[in-house]
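Keep the viewer open as you read.

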Amino acid sequence: MRNGTTLLLLTAIAVAGAAYLTLGDAGPAPAAAPALASVSDAPSALVIFPVGEKPNPEGVGMKPVAFNHLLHENRVENCESCHHTGDTAACTTCHTLEGRAEGKFVTLAQAMHSPNSARKGQGNTPQSCTSCHAKQLQRPECAGCHSIVKPARSETYCSTCHNVSGLTKGDMVAGIAGSLPDGRNAELAVDTLKTRENPVQLQPADGPYKVFIDEIADQYKASMFAHRRHVASLMERVKDNSLAAAFHNQPTTLCSTCHHYSPLKDTPPKCGSCHSQRINPANPERPQLKAAYHLLCMGCHKGMNVARPLNTSCVTCHKQSEAKPADSAAAKLGGE
Amino acid sequence: MNRRKFLTILGSAGVASALGTAKVAKAAGGTHTWPYYENSYGVLHDTTRCIGCRRCEEGCNKVNNLPGPDKPFDDLSVLDKPRRMTPNAWTVVNKYELDGKPVFRKLQCFHCNDPACASACFAKCFQKQPDGSVTYDGSQCVGCRYCMVACPFYVPSFEYDDAWDPLVQKCTFCEPRLREGKLPGCVEACPMDALTFGRRSDLIKVARARIKANPDKYADYIYGEWDAGGTAWMVLVPAVPAEHSLAETGHEFRALGLDTHLGNRPMGELTAGALGAVPMIVAFWPVLFGGAYAISKRREAMHKAETETIIRDAREDMANVMDAAVRKIAETQGPGVADTARQAMADALRTREETCANRGHHGEDK
């Protein structure tokens, strides 16, 4: 499989994919994508304010969310997916900061972020932004990384959605009170979505072409890891995914599944910097180096339903050492 | 010593020994092993990581110098059938199906905190060591295989094909290697860190941290933390999504061959009360029955002596009366008549005694 022709072919595909990505990414925000047509008479974009009933003359609150309604209504099954009562009223009609009887005292924050809702016996089970987005992570193209890592709930994570720009104090006060005119609301939302720019991810060519993993080569020879091919393949799969584009909000986000726990940069430390070859009593939870490689490779392949190579087919990734007898029972086990 | 005194002594001795037995039973269960085994070692087996490569079997075979396997270790077709430990394979990997996906689990001795095998063995072959391992010393083994019956995990195996000195074989936790500061053979061979070695107390924290970090991935339970009174080897199993899980709780454990009915108390505790009474019985039954025998014997002797005294007194009385009567007859009617009368009275008495004795004899027969 790993002969020159295949590699050349794959590299060509990767380069083509990368080139396509680079060229295709220059367009404006998805709000302006011409392919989308509204199926309702709802505004194509709107700002969701932290509506509350307590007096708030200073307009203090979480930064509002510029919500691309047009994009989302084309992604979900039907209006009831979000408007769970069947009434297409704004979320903040029933769910406010403090909660209202109409919304069964489910607060706005809960309605938007609850990771899961108890299944309703009758009718539609509500879903939040977060729970629906989390469900998308189970797609094979996402599940490779997302079955291994859980994105840090940092400031950049929140600001992916809580990002409205050009907001004045007057707008905020009016928005919280629920009295901002629809026209101004839509204007703010469209302006925010149009000016939003997703960072350009590091490209496959920015990383090494091949990596030879030979630190613990013993019973088996070094493993040739086609670094560029793997990065290109991952990027290719999510290139049309606007959710991924929005949340992969650092140039190095895609790198951070494998190159984890260290500050993100384009020259990450080696795996062996932290993963010792023998278990470290100070960090019993940290996988040993051999297991660290296997857990990442196999974990991602499992998440993405990559059928081959089999987990137990050792010699597909690293050939048997010639110095050792072919009989594996007699071969020295790694690391002793 | 009379009967009342004896029974009083016996009663107080019985109460004292019953109290002693209760104390033994209390000590045999619960937490009597702590803090003695506070720093004992264990292994956490994370079945979500296990890929069923059989490297652990190979590692075990090698470090313990066991005979070669029936099928080479890279032949994974053996996983198609569930296997058990054998005298020559102290650990085996089995494949199970959970929610339509294959899950692999390594079987070996769980090294219980308070092992059932040790409680069942009357030759004291099994010992829970302070390092956490449960070791077996076959020098006293009589081959009764009670340990195999007692073990809730079906671990000990018997050398049935050895005609002369068959022994029980099971995983040793590589206790000799632990003493040298080395890892158990299987743990060292695992390429996925599906086996994590460490202090049992640390492993519980590690397991909890994994469950917390991935609540959707792991069933929220550490098998072996409490099961069968707690085991040194513990298992994490994959969670089944709530919408797929129609079966009752714990089915993901039963699907992996992990029994969920063992309870959280050591197996030995179930029998410690009854077995603790054995020494008391051995010590006190001879006293009890010996005493009862002595009492009845003594009563018999006393009765006999009493009867004899009465008979003797009666005989003397009778002889005196007879002498008096004979003297009277001799004075009034002459010595010849007196002799005849004495003879007649003696005959009458003898006949009377014989009749009485016969009647008594018949009475006994009845």
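**From domains to chains**

Start with chain A, which splits into domain 1 (11-195) and domain 2 (204-335). Bear in mind that what you're looking at is a predicted model. Where those two domains meet, domain 1 of chain A puts in 18 residues and domain 2 of chain A puts in 23.

Now look at the domain 1 side of that contact. Three helices of chain A each supply two or more residues to it: H1 (4-24), H4 (129-136) and H5 (140-146). Which of them gives the most? That's H5(A), with 5 residues. Sorted by class, the domain 1 side that touches domain 2 of chain A comes out as 10 nonpolar, 7 polar and 1 charged residues.

Step back to chain A as a whole and you'll find 12 helices and 4 strands. Of its 336 residues, 18% are buried. If you take the contacts in chain A between residues at least 6 apart in sequence, 62% of them link residues at least 24 apart.

Chain B is next, with 10 helices and 9 strands. Here 32% of the 366 residues count as buried. Run the contact tally for chain B, again for residues at least 6 apart in sequence, and 64% join residues at least 24 apart.

So how do the chains meet? Between them, 16 residues of chain A are in contact with 21 residues of chain B.

Methods. Residues are numbered from 1 along each chain as its sequence is written. Chains are lettered from A and ligands numbered from 1 in the order in which they are written. This is a predicted model: local features need pLDDT of at least 70, side-chain atom pairs count only at pLDDT 80 or more; totals for chains, interfaces and linings use all residues. Two residues are in contact if their C-beta atoms, placed from the backbone, lie within 7 Å. A residue is buried if 20 or more other C-beta atoms lie within 10 Å of its own, exposed if 12 or fewer, and partly exposed in between; C-beta atoms are placed from the backbone. Domain bounds come from an automatic or database domain assignment. Ala, Val, Leu, Ile, Met, Phe, Trp, Tyr, Cys and Pro count as nonpolar, Asp, Glu, Lys and Arg as charged, and the others, Gly among them, as polar.
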